[in-house]
Each structure stands twice: as C-alpha cells, then as structure tokens.
Amino acid sequence: MSIQKNFAIFNKHSFVKDSLILTSGTVVAQIIPLIFYPLLTRLYLPSDFGIFATVASITSILSVVGSGQYESVILIADTKRIAANIIWLTMIISFLTLSLFEILFYFSSGLITQLFDIPSLKYWIYFSPPTAFLIIILASYNEWYVKNKYFVSLSINKVINTSSTTISKAVFGWTKIFSGGLIIGEFFGRLITAFVIVKYALKRDKESFSIPSLQQMKWLAKRYINAPKFVLLAQSLNTVGGQIPVLLMATAFSTAQLGYFAMAISVVALPASLISLAIRGTFRKQAYDIYKQTGNCYKSYKKTLSVMAVISFFGFSLFYLIAPQLFSIVLGKEWITAGEYARILVPIVAISFVSETGSSMFIIAEKMKRLLLWQSVYFLLTLISVLIGIFLFKDIKITLFCFMVGRSISHILSLLMTSRIANGK
C-alpha cells in the first residue's frame, strides 16, 4: 500500500469529524443572518444597502492590502511560536498601513464623495480602516485555529461573527441612533468577534504569544517575502476584482440599484461561502499534510470537489427556479428586483462554490506565480466584463450578465489550474 493511501486512511476519520464540526457551526452561522434579512430589509432602504456595499468594498480591499498577506503563511509555519510571531508581524504591519489610509481618507474624503456621488460617504469612509484591521485579526487567528486543529473554537467563532454583526445592524436600524446603522453595526460586530477570538487564543496558548521576538519577526518577514511579493498582489487583484462590480456600479447606477445587487449577491453567496469555508478549512489541512508527505493530493482534491459539485448543481438549480418569488415573499415585495438580479448571478456562485475550495492548492504547493497569473486573469475578466455592460449597454441587468460570464470563465480556469497542481504537475 502506498504512503499516500496509508496517510489518507490514517486521517479519514479525523477529516470527517473536523468537517462535521465546522459544518455544524457554519450551518448555525448562516441561519442567523438569513433569519435577520427579512427584518433588515424592512429597517433599511435599498439605498442604505447600496451605501453600505460601497464602504464594505473599500474595507475589503484595505483588509487585503493592510496586512501584506503574511497571515496566509501561518498555516505552514514550522512551530506554534513561529506562527505566533507571524501573527504579531501581521498585526504591526496592518496597524501602521491602515493608520496611513485613515490619514489619507481625511484629506481626500471630498474627492471620494464626488467620485461615487454619495454625499454621506465622506463620513462613513472613516470606518473602513479600523473595520479592515478587525477583519485581519479574525483572518489571522482563524489561520491559527486551523493550524492547531481548534475546529470547535473555529466553528464557534463563525457563529459569533455572523450573529454579532447581524444583531448589531438590527439594533442600530431599530433604534435609529445613527443613519448608517449597517456600517456601524458591521464595525461593532467585528469588534466583538475580534475580542472573543483573541482572548481565547491568548488564554489557550499564552506561552506562544509571549513577548514577540523582533529579531525573529525580521527574519520571518524576509523568509516569507513571497507573501507580500506574490500573494499580496494576487489577493489584491482577487479582492479588487471581487469589488469592482460594486465600485463601478456605484459610479454608474443609483444607490437603490446597487442595494438590490448587494442584497442579491449576499443572499446567494452567504450560505454557499459559509459551507465552502467549512469544507475548505479541513480540506486545506488534510491536503497540506498529504502533499507535504507525497507531493500529490489529487485523490483528496477530486473527492472533495466532486461532492461539492453535486451539492452545487442541485442546490443552485432549485434556487434559480424560485429566486424572484423567494425574495418577494421573504424580504418584501419591493425586493423582487433583487431576486431577478440573483437569478442572473447564480452561475457565478455555483462554480465558485467548487473552485474556491480547490484554490487552496496554490498556497499549499507554494505556487505563488501561478496564483498571481490566475488572479491577473480574474481581475481583467471581471473589469472588462463590467465595463462592457456599463459603457456599451448602460443597463444594470445586462451588466450583471456580462459580469456573470466573465467571472464564471475565470473560476473554470482556476479549477483547471489547481487540478494540475494537486496532481503534482
């Protein structure tokens, strides 16, 4: 029996157990915001969701740029102490970088407001850097939990994250203390999550997180320089590519139309992304262990993605048939337009549901240049497809269709590339 077969059998039960733990947590985590969506759509206007989507897009980009992507190598650190020092390094870089962005926004808020033609944006843009910092904290410690197989805690964190942000948005929308309840609620929810996840990690692994070694952090910054050189650029292209539809549509269409789009993509992608993340976390750990031992994890890759493909096909086929009616009944009649948008976007989410799990192979095999190549194509296809819709057709539905075609092609390309990497090529 081959080494790979022995290793796969040894980890079979562990993989199933870890998957069930994460899946149970993510099921609860996805139910919470879905339950609150009917309330949020009645507390806020579509235009409120449009403004929030714009701020959230900027925040997402900052959360990638701010860290130098050093958190992406926590999983492959040799020891817990080294992994902890990578987290310290990530926090320092993030704080300094995002502080500079906060200062930049102070001097350019008026220009940003004019660009998007959203007057209130000059107030809410200041929430982007601190919220991005909280997202980086969550991402870093999630990597720590995956590395150390704290899957129960990771599952709980997902529930805390979605529940705290969702409930905060509902509270601020109901009390009407601030006009930007969605933005402030997102910030407070992330703050609560960051506090809980850091407190638990420090309590459980206090020795690993003792006074950081500046000398080791400098060495780690050089040792994993490929993170800011390749992963940062790749992730920046990924994130900017992901947010381009929102940012470009914010300049071309009304905030209400943008709000419908934001709600459509959220409702379609949220359950899919949470389930995908649950399986992705355990797949990454198993694939990394097998690949490190044998240089080939294609069987694990094929088996995992095949199951996800079956789930995706049947789940999203059903959703496509009932999307407009579902949005109208659950969110309110005024949101039927969002359901029509969601139907157009279904193919993107269905394909990415499978491909994003396989994309872990780029990092596992340290194929940074291939990752950069794919992200470049992803970025260009997204940019070109959205620009074609906006400038040639000037219609948001046709723009969404163009976006769907471009984005779907990029995810199919990702599957082709990662299958070769998993097969040791």
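Me: Leaving aside neighbours within four places in sequence, which residues is Arg190 in contact with?
Reply: In this predicted model, Arg190 is found in helix α7, residues 181-204. Once its neighbours within four places in sequence are set aside, the residues in contact with Arg190 are Thr131, Leu134, Ile135, Leu138, Asn161 and Thr165.

Me: Does Arg190 count as buried or exposed?
Reply: The relative accessibility of Arg190 is 19%. Buried means under 20%. Arg190 therefore counts as buried.

Me: How far apart are the end C-alpha atoms of helix α5?
Reply: Helix α5 covers residues 128-147, which is 20 residues. At 1.5 Å a residue, helix α5 should span 28 Å. The computed distance agrees with that: the end C-alpha atoms of α5 are 29 Å apart.

Me: How many of the residues of α5 are buried?
Reply: Helix α5 has 20 residues and is mostly covered. The number of buried residues in α5 is 17.

Me: Which residue just after α5 takes a positive phi?
Reply: Helix α5 runs over residues 128-147. Just after α5, a positive phi of about 60° is taken by Lys149.

Me: Is α5 roughly parallel or antiparallel to α6?
Reply: Helix α6 covers residues 151-175, and its axis lies 8 Å from that of α5. The two helices pack at an angle of about 155°. Angles over 145 degrees count as roughly antiparallel. So α5 is, relative to α6, roughly antiparallel.

Me: Which residues of α6 make the contact with α5?
Reply: Helix α5 passes α6 in a left-handed crossing. On the α5 side the contact is made by Leu138, Asn142, Tyr145 and Val146. On the α6 side it is made by Phe151, Ser153, Leu154, Asn157 and Asn161.

Me: How far does α6 reach from its first C-alpha to its last?
Reply: Helix α6 has 25 residues, and at 1.5 Å a residue the expected value is 36 Å. Just after α6, Lys176 takes a positive phi of about 60°. From first C-alpha to last, α6 reaches 36 Å.

Me: How many of the residues of α2 are buried?
Reply: Helix α2, residues 46-65, reaches 29 Å from its first C-alpha to its last, close to the 28 Å expected. It is largely enclosed by the rest of the structure, because the buried residues of α2 number 15 of the 20.

Me: How far apart in space are Asp48 and Leu258?
Reply: Asp48 lies in helix α2. At 24% relative accessibility, Asp48 counts as partly exposed. Asp48 and Leu258 are 210 residues apart in sequence, and their C-alpha to C-alpha distance is 9.5 Å.

Me: Leaving aside neighbours within four places in sequence, which residues is Met361 in contact with?
Reply: Met361 lies in helix α13, residues 360-364, and counts as buried at 0% relative accessibility. Met361 and Phe283 are 78 residues apart in sequence and 9.9 Å apart in space, C-alpha to C-alpha. With neighbours within four places left aside, the residues in contact with Met361 are Phe283, Ala287, Tyr291, Cys297, Tyr301, Thr418, Ile421 and Ala422.

Me: How many disulfides does a search of the whole structure find?
Reply: Cys297 is buried, with a relative accessible area of 0%. Cys402 is also buried, with a relative accessible area of 15%. A disulfide needs a pair of cysteine sulfur atoms within 2.5 Å. Searched over the whole structure, the number of disulfides is 0.

Methods:
Residues are numbered from 1 along each chain as its sequence is written. This is a predicted model: local features need pLDDT of at least 70, side-chain atom pairs count only at pLDDT 80 or more; totals for chains, interfaces and linings use all residues. Side-chain values use heavy atoms; hydrogens and water are left out. Helices (H or I, at least four residues) and strands (E, at least two) are DSSP runs, numbered from the N terminus. The expected span of a helix is 1.5 Å times one less than its number of residues. Buried means under 20% relative accessible area, exposed over 50%, partly exposed in between (1.4 Å probe, protein chains only). Axes are lines fitted to C-alpha atoms, for helices over the stretch in contact, and angles run from 0 to 180 degrees between N-to-C directions. Angles under 35 degrees count as roughly parallel, over 145 as roughly antiparallel, 65 to 115 as roughly perpendicular and the rest as oblique. A crossing is left-handed if the near helix is turned anticlockwise from the far one by less than a right angle, and right-handed if clockwise. Contact means heavy atoms within 4.5 Å.
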